Amino acid sequence: MTVVMHRRQFLSGVAALSGAVSFGGAPSAFAQRSTVFLDYDQTQLDEAYDQSYWAPTLNELQLDDRRVSAEVRSRMPPRTEHYGPAEIELIDIFTPATAKGAPILVYFHGGAWLFNSRLDASFPAPTVVGRGAAFLAPDFNTVKDVRLPVMIEQCREAVAWTARNAGSFGGDPDRIYIAGHSSGAHLTSCVLITDWEKRGLPADTVKGALVMSGMYDLYPAMLSSRGRYVNITPAEQAAASAMRHLDRIACPVAVTWAVSESPEFRRQSMTFASALEGMGRLESRTEVFTANHFTEPRQLDRPDTQVSRALFNLMKI
């Protein structure tokens, strides 16, 4: 059996060893380091939330997402509608031919809340449409333009629009599912804890969710370098942390993460899955055998993969 030791695990082991061995009574550098969260110092926590540290080719991988998505859009052009008044509040709709009463998947793209758009998120459409479901990808602002609570509200409005307009594109408003990856999984989890009745919709508007390598408690993420550009208040942080509102989750959730994931994205995913399991809301948990964080969602561009099977089981398609 091959044992893979991440850099943080190595440093933790060295720190423990250095505390047990004295070199002339002088305190070691490791013994003096200041922890910020769990056993992370600031540098380690920043690295744990910085995907470029774990996937150095992330730029190339994300460009490939856009390339494949463009090919999909050329081959099967979507219908694009406004779900809200802002210019960016557009939603792409891919449907099977002669769709009628089709289940619906609303997919939220990732990008550290800073990057990407719906144009990078068309790649799962052939897989989802090929199973007889509608695939919708909304656009929304990034934190370069608006604050995180506004982004969350835009995602909720995209789902509300979908519920109210499903019949116009052959979708079933009683079979709406949501999914997202990375920061998109965080946004998906925030949509999960929405009070739909306050929006004039059924409490069970969302029938299930697939969350891939997300952040479900923003406290540690905001202690990392991400906190400097997201810049939210403690109250906003709590409101946007699904782990603090588990009682609002009323549908099954499938949780996935990559085997070569950064340690914090693995921990957050496993903790969220265990909490959901304890309350009877876990549909499935899947450690995805893939190269890294960014190749995980690309499993959705093929039907016979771990992630696609998790989605199909969730949606019963």
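Reply: Helices, of at least four residues in H or I, and strands, of at least two in E, are DSSP runs numbered from the N terminus. In these terms isoleucine 232 lies in the loop between α10 (226-230) and α11 (234-239). The model is a predicted one, and it holds 13 helices and 10 strands. Of its 317 residues, 55% count as buried, and among contacts between residues at least 6 apart in sequence, 74% join residues at least 24 apart.

Turning to the rings, a pair is described by the distance of the centres and the angle of the planes. With centres required to lie within 6.5 Å, the count comes to nine aromatic pairs. One of them is formed by phenylalanine 94 and phenylalanine 135, whose centres are 6.0 Å apart and whose planes make an angle of 50°, so that the pair is classed as tilted. Phenylalanine 94 belongs to strand β4 (residues 90-94) and phenylalanine 135 to strand β6 (residues 134-138), and the pair therefore ties together parts that are 41 residues apart in sequence. Both phenylalanine 94 and phenylalanine 135 are buried.

A stacked pair is made by tyrosine 216 and phenylalanine 272, with 4.2 Å from centre to centre and 15° between the planes. This pair, too, links distant parts of the chain, since tyrosine 216 sits in the loop between β8 (206-212) and α9 (218-223) while phenylalanine 272 is in helix α12 (residues 263-278), 56 residues apart. Tyrosine 216 counts as buried because its relative accessibility is 0%, and phenylalanine 272 counts as buried because its relative accessibility is 0%.

The largest has 62 residues, of which Trp113, Leu148, Val159, Ile178 and Phe272 touch the most other members, and helix α7 (residues 148-165) supplies its largest share, nine residues. Apart from this core lies another, of 24 residues, which includes Phe123 along with Ala121, Val129 and Leu314. As for valine 159, its contacts, leaving aside residues up to four places away in sequence, are Val106, Phe108, Ile176, Ile178, Val191, Trp196, Thr205 and Val206.

Leucine 148 leads back to isoleucine 232, for the C-alpha atoms of these two residues are separated by 7.4 Å although they stand 84 residues apart along the chain. Isoleucine 232 has a relative accessible area of 15% and is therefore buried, the cut-off being under 20%. Not counting residues up to four places away in sequence, isoleucine 232 touches Arg147, Leu148, Pro149, Leu218, Met222 and Gln237.

A polar residue may close the picture. Threonine 194, in the loop between α8 (183-192) and β8, is buried as well, with a relative accessible area of 9%. Its side chain is joined to that of arginine 156 by a polar contact of 2.8 Å, and, residues up to four places away in sequence again left out, threonine 194 touches Arg156 and Arg199.

Methods:
Residues are numbered from 1 along each chain as its sequence is written. This is a predicted model: local features need pLDDT of at least 70, side-chain atom pairs count only at pLDDT 80 or more; totals for chains, interfaces and linings use all residues. Side-chain values use heavy atoms; hydrogens and water are left out. Rings of Phe, Tyr and Trp (its six-membered ring) pair if their centres lie within 6.5 Å; planes under 30 degrees apart count as stacked, over 60 as edge-to-face and the rest as tilted. Buried means under 20% relative accessible area, exposed over 50%, partly exposed in between (1.4 Å probe, protein chains only). A polar contact is a pair of N or O atoms within 3.5 Å; within protein, one must be able to donate a hydrogen and the other to accept it, and residues adjacent in sequence count only if both atoms are side-chain atoms. Contact means heavy atoms within 4.5 Å. A nonpolar core is a set of buried Ala, Val, Leu, Ile, Met, Phe, Trp, Tyr and Cys residues joined through side-chain atoms within 4.5 Å.
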